[in-house]
Amino acid sequence: MTTAPTSSLSIPHWRNPIGEWPPNSPDLIPLDYAVWSILEEKACQKPHPNVESLKKALKKAWKEITLDTLVKIVDNFPKRLKACIDAKGGHFE
């Protein structure tokens, strides 16, 4: 079995030159910090008897999210990035 030579060319583009993985924080992912809570609030007001019912409610809730709401979520992103930097990658909120 042959292995690929180790070089900077074999490091995936999403890793930095010293091999560190990029940060991963739900506080920086709009779906996690905003959209899922909106969907949950709208779609889960009552229990669902099956997965199909839940899927239908989530799709309906997604269609009800306004463009204005999505723009506000995206516009808040730079503030969240700064908070993450200020917290040196630690928890913020």
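Predicted model: local features only at pLDDT ≥ 70, side-chain atom pairs only at ≥ 80, totals over all residues.
Residues are numbered from 1 along each chain as its sequence is written, and side-chain values use heavy atoms, without hydrogens and water.

Helices here are DSSP runs (H or I, at least four residues), numbered from the N terminus. The axes of helix 1 and helix 2 come within 9 Å and cross at roughly 120°. Axes are lines fitted to C-alpha atoms over the stretch in contact, and angles run from 0 to 180 degrees between N-to-C directions. Val35, Leu39, Lys42 and Ala43 of helix 1 meet Ala57, Leu58, Ala61, Trp62 and Glu64 of helix 2; contact means heavy atoms within 4.5 Å. By class, this contact has seven nonpolar, no polar and two charged residues. Ala, Val, Leu, Ile, Met, Phe, Trp, Tyr, Cys and Pro count as nonpolar, Asp, Glu, Lys and Arg as charged, and the others, Gly among them, as polar.

Now turn to helix 3. Helix 1 (residues 30-43) packs against helix 3 (residues 67-75) at about 150°, with the axes 10 Å apart. That makes the two helices roughly antiparallel. Helix 1 contributes Pro30, Tyr33, Ala34, Val35 and Ile38 to the contact, and helix 3 contributes Thr69, Leu70 and Ile73. Seven of these residues are nonpolar, one is polar and none is charged.

On a 1 Å grid over the protein atoms alone, a pocket is an open set of points where a 1.4 Å probe fits, with protein on both sides within 12 Å along at least five of seven lines; lining residues have an atom within 4 Å of a point. Among the lining residues are Lys42, Ala43, Cys44, His48 and Lys60. Helix 2 (51-64) gives the most, with five residues. The lining has four nonpolar, two polar and five charged residues.

Note on methods:
Parallel < 35°, antiparallel > 145°, perpendicular 65-115°, else oblique.
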